[in-house]
Structure formats: C-alpha cells, structure tokens
Amino acid sequence: AARRLAAWKVLEDMYERGQARAIGVSNFSEHHLEQLMRDGAKILPMVNQIEASVYKQWDDIRAYCESKGIALMAYSPLGLGKESLLTDPVVKSIAETKGVAPSQVALKFLVQKGYAVLPMSSSEERLRLNMDLFSFDLSEKEMKSLESR
C-alpha cells in the first residue's frame, strides 16, 4: 500500500504541474482504489486499465468505477493467449450474422460495456477493422450470449 501511494503521489504531482492531462492506475480492484483514497490520495484516479474481454468480465469493478466516474480501459481485449476469441463459436456466429470480423464483435462487446479499447496490430487491415466498430451494434440477446462465455 505504501508503494502504491508513493507512486500515486508522483502522478498527482505531475498532474498538478500540468505535465499530465489525466492520471490513472492499472489492475486496481475496488479495495485498492478505496485504500488509495483512505491512505491520502488527493486525486481520484481518472482511469483504471484492467484485462477485459468476452472471457474476462469484471462486473463489480466495472460498476464501481462507473459509479465513481473512473474510466475503464481494457487491455488484451481480444483475449489472445491460450484461448483466442477469434475462434470462439459464439463470437464467430455473431460476426457472420453481422457481416463483420470476429475481432470487431469482441471489441464492440467491450465498447458497449463502457470500456475504452486500444487494440494493437501491425497489420493495416486489422487496424482498419479494429477502428470500424461504430457501423454496427450488438443486440441485447447477442450481448447476453457473449456475457455467458
């Protein structure tokens, strides 16, 4: 806790001097955020970056951050690793129905949940797909089927 607060104080100082437009944390739970404020933080974090995807959903921290006005940013939004969302049968089925790529469905799911997503790619085509998330919406039924993954 002391290290977190010390690091946060450096960020607060940078923010107060105009060296940063926003400051935030990564992988903080509700408990960590509450503890940071109890321990003497003057500024509430503006963003909390957490691993989030169709396979990693954190409804409690999402609701907490939303209630406090803390933006959520997803890292690993495509769930790459052992299990890729790009081959998930539900994601693929929705993508086919919508006429979009599976990656777009996975990213749109998070956007509709209120996350900022910043997927990275060295492929110009994948970058284009990753940016084209606003030409379609996921229905409530589709969202529920993805939430149950």
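Lys-108 is buried (under 20% relative accessible area, against over 50% for exposed and in between for partly exposed; 1.4 Å probe, protein chains only), with a relative accessible area of 4%. This is a predicted model, in which local features need pLDDT of at least 70 and side-chain atom pairs count only at pLDDT 80 or more, while totals for chains, interfaces and linings use all residues. Residues are numbered from 1 along each chain as its sequence is written, and side-chain values use heavy atoms, with hydrogens and water left out.

**Salt bridges**

- The structure holds 10 salt bridges, each defined as a side-chain nitrogen of Lys or Arg within 4 Å of a carboxyl oxygen of Asp or Glu.
- Lys-108 forms one of these with Asp-137, the closest N and O atoms being 3.2 Å apart.
- That pair links distant parts of the chain, with Lys-108 in helix H5 and Asp-137 in the loop between H6 and H7, 29 residues apart; helices (H or I, at least four residues) are DSSP runs numbered from the N terminus.
- Asp-137 is exposed, at 52% relative accessible area.
- Glu-142 forms a salt bridge with Lys-98, with 3.2 Å between the closest N and O atoms.
- Glu-142 lies in helix H7 (residues 140-147) and Lys-98 in helix H4 (residues 89-98), so this pair ties together parts 44 residues apart in sequence.
- Glu-142 is buried at 13% relative accessibility, whereas Lys-98 is partly exposed at 30%.

**Salt-bridge network**

- Asp-59, Arg-62, Lys-113 and Glu-147 are linked in a network of salt bridges.
- Lys-113 is buried at 11% relative accessibility, and Asp-59 is partly exposed at 40%.

Notes
Helices (H or I, at least four residues) and strands (E, at least two) are DSSP runs, numbered from the N terminus.
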